[in-house]
Amino acid sequence: MARDWANTKLNFSVFKDRADFTKQGEDAYAKILSTYDSSYASYNDMYKIDASKPSGYNTYSLANLKTITEYQSPTELENYLNNFDNVMASIDMGGAFKKSKLKITDDKRGIFDFGLASKGLQRGREYYSLDLANESPNEFPNNAISGIVPEGLIRAVSIGQTKQFWYDSPTTKRNYLLELRQQGTTAILKKKPNTILKTTNGIVHPQKHEQGLKYVTTNKKSYVMFEKKGGKAKMVELYIPLHDSIMLSHVMPLLLVARFLKLYGVMTRVNTIRLYREGTSGRGELFVGAAYSIKDYGEEFDFNAMAFNGVDGRWWYGVNQVVKAVNDLDSFENNGAKSRKSMANPNRREYYSGSGGQAGTGSSAREDYIAVFSRFRNWYTESIKKGELPPLRVDKKLILIGGAFSSSSDEGIQEEFFRILDTVDFQFNTAEETCKRIYKRLVDDKYMEWWRKQQPIADDKRAKFILDCKSKKSSLVREYKTYVTRLLADTYTYPVGGEYAEPDESAKELADEYDEKIEKMNLFLKTL
């Protein structure tokens, strides 16, 4: 992590979404070639194919990466999703948020609940005839694919225990036997003719799940709405740091928090941010940050999209290419205003590498990311004031970055889940309520768990056991104070010196609020 902020240059940018991000990269690349440097292709592999590079290198060109839509480790993702409910169920929520009263409804303004929908979940249906597609391809002009017959024109015939589906064409005067398929299957076969099919309950569909397959539910009341309490809507923004060493297990806490908050009526936006440090040889240190949204407020959870945009190792190469091209263009157009210039020759233009060290590693990774990210938030705020970015919908203390960097085990994931959740809790509820909830989880519950393991105690060991109990309780209280103090420090520690330091007025407000919450914690402990 950069320590001397006076010698550290920061280059931050925000894009609307992945499509906007890639388009700006492609446009920048094309403009540099056509306007500034015709040899630029040798510095950027956005479209370059080089047989001398390691095997698989060509698949990392942006042109090829744009055709990929699925996360590179679908089995790993599927395993996490299958265990998702189990992980959530194993966490004691501790009443961290007062759950609004839920109303089950068919009103689509509510939040779609897959659990409700799945009670009547069925494969969507389509009826297809290859003969009809060949003999009368324009039978239904409004259909994108020939051979699919609208359900209202189907004639069903029962033969024993099975059903046949027929279509009587007024155009060819022929009757066509139709194959019952899961909706979306025909379109998939057009793109992937070798797709392996199977039949379930008389419906033909791909053997493996494919993007584009449609499902329907007979349960119309598949939405939940929260009872309106009045006041300002609660919103949180989460940022997933994208780096080649950050895996799905590291970012699971953020996805768990987003899902949990949604269930409790708190809206979330999930973003990915490529936050890294360019090389420092002979130059001042440079941190680069490029972010875009991967799940906006109100959008459904698409875990494949979040995993692909946030932690896919292949996409990391594509992001590098875009970051490089966009910043190299800025170097040409703005005389290197955001570039890392040579200390010996300030007029020398330096191309970006697009890659470099992450903000931090090991046990200090989270703190290092928070330190750099706090300056990103201040840059964001300044850009809004200049009219360069749309207004924020949340308090900047609720724009959070995180990950299970120290340990990505189930225990590590849960610890980071609670760290983020407790941070949000402190912002939405009183310090006394939050301190009480955290105390129950970290002191009372852990103490009882330890106490049960000590039983039964022999009579001649009870005196020592009483001392052990006091010692254990004291130890847990110390750990609690350390945890809360560190949690609040992460929230209220502000950047000093260098670019995008905290303004004096805001710094005073943060310091005062921090002192107030620490005081409330100490007062709470005195009441025990």
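The turns below go from the whole chain to its strands, helices and loops.

Me: What should I know about the model before we start?

Reply: This is a predicted model, in which local features need pLDDT of at least 70, side-chain atom pairs count only at pLDDT 80 or more, and totals for chains, interfaces and linings use all residues. Residues are numbered from 1 along each chain as its sequence is written, and side-chain values use heavy atoms, with hydrogens and water left out.

Me: How many helices and strands does the chain have?

Reply: The chain has 15 helices and 18 strands. Both are DSSP runs numbered from the N terminus: helices are H or I with at least four residues, and strands are E with at least two.

Me: What share of the residues counts as buried?

Reply: Of the 528 residues, 46% count as buried. Buried means under 20% relative accessible area, exposed means over 50%, and partly exposed is in between (1.4 Å probe, protein chains only).

Me: What makes valine 322 buried or exposed?

Reply: Valine 322 has 0% relative accessibility, so it counts as buried. This residue is found in helix 10 (residues 313–333). Valine 322 and threonine 22 are 300 residues apart in sequence, yet 6.4 Å apart in space, C-alpha to C-alpha.

Me: Why is strand 14 called largely enclosed?

Reply: Strand 14 (residues 235–241) has seven residues, and seven of the seven are buried, so the rest of the structure largely encloses it. On one side are Met235, Glu237, Tyr239 and Pro241, on the other Val236, Leu238 and Ile240, and all are buried. In a regular strand the side chains alternate between the two faces of the sheet.

Me: What joins strand 14 to strand 18?

Reply: Three bridges join strand 14 to strand 18 (residues 399–401), in the parallel sense. Tyrosine 239 has isoleucine 401 of strand 18 as its bridge partner.

Me: In which sense do strand 7 and strand 8 pair, parallel or antiparallel?

Reply: Strand 7 (residues 155–159) and strand 8 pair over five bridges in the antiparallel sense. One of the bridge partners is phenylalanine 165 in strand 8, for alanine 156. The two strands form a hairpin with two residues between them, and glycine 160 in the turn has a positive phi of about 65 degrees.

Me: Why are helix 13 and helix 14 called roughly antiparallel?

Reply: Helix 13 (residues 431–454) and helix 14 (residues 462–492) pack at about 150 degrees, with axes 10 Å apart. Axes are lines fitted to C-alpha atoms, for helices over the stretch in contact, and angles run from 0 to 180 degrees between N-to-C directions. Angles under 35 degrees count as roughly parallel, over 145 as roughly antiparallel, 65 to 115 as roughly perpendicular and the rest as oblique. The pair is therefore roughly antiparallel.

Me: Which residues of helix 13 and helix 14 meet?

Reply: Contact means heavy atoms within 4.5 Å. Among the residues that meet are Trp450 and Trp451 in helix 13, and Tyr480 and Tyr483 in helix 14. The residues of this contact divide into 16 nonpolar, one polar and six charged. Ala, Val, Leu, Ile, Met, Phe, Trp, Tyr, Cys and Pro count as nonpolar, Asp, Glu, Lys and Arg as charged, and the others, Gly among them, as polar.

Me: What makes helix 11 roughly parallel to helix 14?

Reply: The axes of helix 11 (residues 365–385) and helix 14 come within 9 Å and cross at roughly 30 degrees. That angle makes helix 11 roughly parallel to helix 14. This contact has one nonpolar, one polar and five charged residues.

Me: Where is lysine 173, and what is its phi?

Reply: Lysine 173 is in the loop between strand 8 (162–168) and strand 9 (175–182). Its phi is near 60 degrees, a positive value in a residue other than glycine. Most residues other than glycine have a negative phi, and most peptide bonds are trans. Lysine 173 has 67% relative accessibility, so it counts as exposed.

Me: Which peptide bond is cis?

Reply: The bond from glutamine 455 to proline 456 is cis, with omega near -5 degrees. Proline 456 lies in the loop between helix 13 and helix 14.

Terms used. Two strands pair if DSSP finds at least two bridges between them.
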